[in-house]
Amino acid sequence: MQTRRLSVPGKPRPLGQSCKDDAPNPQELAELWGVCTSIRDRFIVGVLQWAGLRVGELCHLRRTWVNFEENTIEVPRRQSCTCWECVNRRNGEWKLETKQGIRTIRINPLLRTIMLEFFEAHDCLNLTRQRVWQIIKELCRRARIGPGFS
Ligand SMILES: [Zn+2]
(Lines give C-alpha, C1' and ligand atoms only; values in the text may rest on other atoms or scores of the structure.)
Protein backbone atom coordinates (compact mmCIF):
# COMPACT_ATOMS: atom_id res chain seq x y z
CA MET A 1 0.00 0.00 0.00
CA GLN A 2 1.09 3.48 -0.75
CA THR A 3 0.94 6.47 1.51
CA ARG A 4 -1.35 9.07 0.12
CA ARG A 5 -0.80 12.68 0.88
CA LEU A 6 -3.61 15.12 0.97
CA SER A 7 -2.60 18.45 -0.38
CA VAL A 8 -2.97 20.99 2.34
CA PRO A 9 -0.97 24.12 1.77
CA GLY A 10 0.61 25.92 4.66
CA LYS A 11 0.04 25.18 8.27
CA PRO A 12 -1.54 21.91 9.24
CA ARG A 13 -5.05 22.19 10.55
CA PRO A 14 -6.75 20.10 13.18
CA LEU A 15 -9.04 17.44 11.78
CA GLY A 16 -12.25 19.26 12.45
CA GLN A 17 -11.09 22.43 10.82
CA SER A 18 -10.15 21.14 7.42
CA CYS A 19 -11.79 23.04 4.64
CA LYS A 20 -14.05 20.99 2.41
CA ASP A 21 -11.50 20.43 -0.34
CA ASP A 22 -8.85 19.18 2.04
CA ALA A 23 -11.13 17.13 4.23
CA PRO A 24 -10.33 13.44 4.30
CA ASN A 25 -12.66 11.33 2.19
CA PRO A 26 -14.86 8.64 3.76
CA GLN A 27 -12.40 5.91 2.83
CA GLU A 28 -9.56 7.72 4.60
CA LEU A 29 -11.71 8.37 7.63
CA ALA A 30 -12.64 4.70 7.77
CA GLU A 31 -8.96 3.81 7.67
CA LEU A 32 -8.25 6.27 10.44
CA TRP A 33 -11.00 4.86 12.63
CA GLY A 34 -9.65 1.42 11.89
CA VAL A 35 -6.34 2.18 13.58
CA CYS A 36 -7.86 3.71 16.71
CA THR A 37 -7.32 0.99 19.27
CA SER A 38 -8.06 2.76 22.52
CA ILE A 39 -10.93 4.83 23.82
CA ARG A 40 -8.44 7.68 24.08
CA ASP A 41 -7.71 7.51 20.33
CA ARG A 42 -11.41 7.34 19.49
CA PHE A 43 -12.07 10.27 21.80
CA ILE A 44 -9.40 12.37 20.09
CA VAL A 45 -10.45 11.55 16.55
CA GLY A 46 -14.17 11.76 17.33
CA VAL A 47 -13.97 15.14 19.03
CA LEU A 48 -11.80 16.62 16.28
CA GLN A 49 -13.81 15.15 13.45
CA TRP A 50 -17.35 15.61 14.69
CA ALA A 51 -17.22 18.42 17.24
CA GLY A 52 -14.61 20.38 15.32
CA LEU A 53 -12.72 21.47 18.42
CA ARG A 54 -9.23 22.86 18.07
CA VAL A 55 -6.49 20.70 19.55
CA GLY A 56 -5.94 23.23 22.37
CA GLU A 57 -9.63 23.04 23.18
CA LEU A 58 -9.63 19.27 23.01
CA CYS A 59 -6.82 19.20 25.59
CA HIS A 60 -8.96 21.28 27.94
CA LEU A 61 -12.28 19.60 27.28
CA ARG A 62 -13.71 18.40 30.57
CA ARG A 63 -16.69 16.37 31.54
CA THR A 64 -18.34 19.59 32.76
CA TRP A 65 -18.42 20.97 29.20
CA VAL A 66 -20.68 18.17 28.07
CA ASN A 67 -24.41 18.04 28.56
CA PHE A 68 -25.49 14.49 27.85
CA GLU A 69 -29.18 15.37 28.23
CA GLU A 70 -29.03 18.03 25.55
CA ASN A 71 -26.24 16.32 23.61
CA THR A 72 -24.14 19.43 23.48
CA ILE A 73 -20.64 20.63 24.29
CA GLU A 74 -20.32 24.15 25.65
CA VAL A 75 -16.88 25.63 25.14
CA PRO A 76 -16.33 28.03 28.06
CA ARG A 77 -14.59 31.39 27.84
CA ARG A 78 -12.07 30.40 30.51
CA GLN A 79 -11.29 27.82 33.15
CA SER A 80 -8.61 27.39 35.76
CA CYS A 81 -6.10 24.78 34.72
CA THR A 82 -3.11 23.03 36.21
CA CYS A 83 -1.52 21.84 32.97
CA TRP A 84 2.10 22.80 32.41
CA GLU A 85 1.30 25.32 29.71
CA CYS A 86 -1.42 27.10 31.70
CA VAL A 87 0.57 27.14 34.93
CA ASN A 88 3.74 28.43 33.32
CA ARG A 89 2.41 30.64 30.55
CA ARG A 90 -1.13 31.65 31.45
CA ASN A 91 -1.16 32.20 35.21
CA GLY A 92 -3.05 28.98 35.74
CA GLU A 93 -5.98 29.93 33.60
CA TRP A 94 -6.89 28.60 30.21
CA LYS A 95 -8.72 31.09 28.00
CA LEU A 96 -10.20 31.05 24.56
CA GLU A 97 -8.32 33.27 22.19
CA THR A 98 -11.45 35.01 20.99
CA LYS A 99 -14.98 35.46 22.25
CA GLN A 100 -16.16 33.82 19.04
CA GLY A 101 -14.73 30.62 20.47
CA ILE A 102 -17.53 30.49 23.04
CA ARG A 103 -20.02 28.19 21.46
CA THR A 104 -22.36 25.29 21.84
CA ILE A 105 -21.67 22.26 19.71
CA ARG A 106 -24.12 19.50 19.02
CA ILE A 107 -22.80 15.99 19.51
CA ASN A 108 -23.96 13.11 17.34
CA PRO A 109 -24.91 9.68 18.76
CA LEU A 110 -21.56 8.11 17.85
CA LEU A 111 -19.58 10.84 19.55
CA ARG A 112 -21.94 10.70 22.51
CA THR A 113 -21.20 7.00 22.98
CA ILE A 114 -17.46 7.61 22.79
CA MET A 115 -17.65 10.50 25.23
CA LEU A 116 -19.72 8.57 27.73
CA GLU A 117 -17.16 5.79 27.70
CA PHE A 118 -14.23 8.16 27.91
CA PHE A 119 -15.61 10.29 30.73
CA GLU A 120 -16.49 7.23 32.75
CA ALA A 121 -12.78 6.74 33.33
CA HIS A 122 -11.33 10.23 32.86
CA ASP A 123 -12.27 13.82 33.62
CA CYS A 124 -10.05 15.27 30.93
CA LEU A 125 -7.61 14.09 28.27
CA ASN A 126 -4.74 15.32 30.41
CA LEU A 127 -2.27 15.48 27.53
CA THR A 128 -0.28 18.37 26.11
CA ARG A 129 -1.10 19.73 22.68
CA GLN A 130 2.24 18.43 21.44
CA ARG A 131 1.39 14.95 22.66
CA VAL A 132 -2.02 15.05 21.00
CA TRP A 133 -0.41 16.10 17.72
CA GLN A 134 2.02 13.19 18.05
CA ILE A 135 -0.87 10.81 18.56
CA ILE A 136 -2.76 12.21 15.55
CA LYS A 137 0.32 11.96 13.36
CA GLU A 138 0.96 8.43 14.52
CA LEU A 139 -2.64 7.41 13.79
CA CYS A 140 -2.45 9.02 10.34
CA ARG A 141 0.80 7.20 9.69
CA ARG A 142 -0.70 3.88 10.67
CA ALA A 143 -3.76 4.60 8.54
CA ARG A 144 -1.48 5.65 5.67
CA ILE A 145 -3.09 9.03 5.45
CA GLY A 146 -0.79 11.89 4.62
CA PRO A 147 0.14 14.32 7.38
CA GLY A 148 -1.95 16.94 5.60
CA PHE A 149 -4.96 15.31 7.11
CA SER A 150 -4.38 16.95 10.43
ZN1 LIG B 1 -4.25 24.08 30.61
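In this predicted model, Leu 58 touches Ile 44, Val 47, Leu 48, Leu 53, Leu 125 and Val 132, when residues up to four places away in sequence are not counted. Leu 58 has its place in helix α3, and it counts as buried because 22 C-beta neighbours lie inside 10 Å, where the cut-off for a buried residue is 20 or more.

One of the residues touched by Leu 58 is Val 47, and from the side of Val 47 the contacts, leaving aside its neighbours within four places in sequence, are with Leu 53, Leu 58 and Leu 61. Both residues belong to the largest nonpolar core, which has 27 residues and in which Ile 44, Val 47 and Leu 58 are those with the most contacts. Two or more residues of this core are given by each of the elements α2 (39-51), α3 (55-60), α5 (109-121) and α6 (129-142), and the largest share, six residues, comes from α2. In soluble globular proteins, nonpolar side chains tend to be buried together.

With 13 residues at 1.5 Å a residue, α5 should span 18 Å, and its end C-alpha atoms are 19 Å apart, which agrees. Within α5, the residues Leu 111, Ile 114, Met 115 and Phe 118 are buried; seen down the axis of α5, its buried residues fall within an arc of 100°, so they line one face of the helix. These buried residues of α5 pack against α2 and β1 (66-67), whereas the face turned away from the buried side carries the exposed residues Pro 109, Leu 116 and Glu 120.

How far the predictor's confidence extends along the chain should be kept in mind while reading the model. The mean pLDDT of the protein is 85, and 82% of its residues reach 70 or more. Over residues 1-14, however, pLDDT stays under 50, and for this stretch the model has 25 contacts beyond four places in sequence. Over residues 16-20 pLDDT likewise stays under 50, and here the model has nine contacts beyond four places in sequence.

Technical notes. Residues numbered from 1 in each chain as written. Predicted model: local features only at pLDDT ≥ 70, side-chain atom pairs only at ≥ 80, totals over all residues. Core = buried A, V, L, I, M, F, W, Y, C linked by C-beta atoms within 7 Å. Buried ≥ 20, exposed ≤ 12 C-beta atoms within 10 Å, placed from the backbone. Helix = DSSP H or I, 4+ residues; strand = E, 2+ residues; numbered from the N terminus. Contact = placed C-beta atoms within 7 Å. Expected span 1.5 Å × (residues − 1). Arc of directions from axis to C-beta. pLDDT = per-residue confidence, 0-100.
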